[in-house]
Amino acid sequence: VALAIAAAAGSLPAAIAQTESKARWDLTQLMQDLRQVKTARGRFVERRYLAILNTPLESSGILVYIAPGRLEKHMLLPRQESLTLDGDTLLIEDKETGQRRRVVLQEQPVVRAFVESIRATLAGDLQTLNRFYEVSLEGDASQWRLRLKPTEPRMREVASEIRVSGNGTWVGVIEILDAGGDRSVMTITRDAA
C-alpha cells in the first residue's frame, strides 16, 4: 500500500502540470503552436456540395505550406492545376492548357480574405485573422475547431463562415459555408513524401 501511495504521489505533480497546461490552452496558445510549424505537406480531397447537384464535385491533390507565407495547392484530379501563393501574389496555372494568371491580393479583397483564412491560420497569425474575421475556438489541443465569421460586408456576401479543424499543429479540415447555402469541405491528410 505504501508503495502504491508513493507511486501515486510521484506522478501527482506531472498530472497537475498536464491539467494546468490543458486549462491554459486557448486561442493564443494554438496560434503560438501553429507558428512553430515551418513546413507542412499533405494530400487533400475537396468536396463541393451544391444545391443544384445530387452528388458533390470532388477534386484532389497536394497541399504544401512553407512558413511564413507560401502556400501551394496542386490539384491532380479531375484536372491538373496549381495555385501558388507567395506573399501578396497568387499564381494560377492550368497545367493542361499552359495558361497562367497572376492575381495581386491587394486588388482582390474577397480573394485575400479567403486566402488569409488558411494562410494566417497555418502561420499562427491571429492579428491577420482578426483583421478579416470574428474568430472563436472550440475544443482542446488534441481536437480543435476555429470558427471564422467574416466581418467585411463583401466577404459576408460570399461566405457565412469558415471552419478550420485540426489536432495539435495539424490542420485537417477546412470547411467553407457559402452565403447561399452551398459548402465545400477539404480534408487534408499528412503526406509522407
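**Exercise 1. Determine how much space the largest pocket holds and what lines it.**

Step 1. In this predicted model, the largest pocket holds about 740 Å³ of space. A pocket is an open set of points on a 1 Å grid over the protein atoms alone, with protein on both sides within 12 Å along at least five of seven lines. Its volume is the space filled by probe spheres set on the points, which are joined across faces, edges and corners.

Step 2. The lining has 23 residues, and those closest to the centre are Glu46, Lys73, Leu83, Ile118 and Ile176. A lining residue has an atom within 4 Å of a point.

Step 3. Elements giving two or more residues to this lining include β1 (39-49), α3 (109-123) and β10 (170-178). The most, 5 residues, come from α3. Helices (H or I, at least four residues) and strands (E, at least two) are DSSP runs, numbered from the N terminus.

Step 4. Sorted by class, 14 lining residues are nonpolar, 3 polar and 6 charged. Here Ala, Val, Leu, Ile, Met, Phe, Trp, Tyr, Cys and Pro count as nonpolar, Asp, Glu, Lys and Arg as charged, and the others, Gly among them, as polar.

**Exercise 2. Describe the second largest pocket in the terms used above.**

Step 1. The second largest pocket contains about 220 Å³ of space. Of its 18 lining residues, Ala40, Tyr65, Leu122, Trp170 and Val171 are closest to the centre.

Step 2. The largest share of this lining, 4 residues, is from β1. Its classes are 13 nonpolar, 3 polar and 2 charged.

**Exercise 3. State how β3 pairs with β2 and with β4.**

Step 1. Strands pair if DSSP finds at least two bridges between them. β2 and β3 run antiparallel and are joined by 7 bridges; the hairpin they form has 3 residues between the strands.

Step 2. β3 and β4 are also antiparallel, over 6 bridges, and a hairpin joins them through 3 residues. His74 has Ser82 in β4 as its bridge partner.

**Exercise 4. Is Asp94 buried or exposed, and what does its side chain reach?**

Step 1. Asp94, in strand β5 (residues 89-94), has a relative accessible area of 11%, so Asp94 is buried (under 20%; exposed is over 50%, partly exposed in between, with a 1.4 Å probe and protein chains only).

Step 2. The Asp94 side chain reaches the backbone nitrogen of Thr97 at 3.1 Å.

**Conventions.** Residues are numbered from 1 along each chain as its sequence is written. In this predicted model local features need pLDDT of at least 70, side-chain atom pairs count only at pLDDT 80 or more, and totals for chains, interfaces and linings use all residues, while side-chain values use heavy atoms, with hydrogens and water left out.

Methods
A polar contact is a pair of N or O atoms within 3.5 Å; within protein, one must be able to donate a hydrogen and the other to accept it, and residues adjacent in sequence count only if both atoms are side-chain atoms. On a 1 Å grid over the protein atoms alone, a cavity is a set of points where a 1.4 Å probe fits but cannot get out, and a pocket is an open set with protein on both sides within 12 Å along at least five of seven lines; lining residues have an atom within 4 Å of a point.
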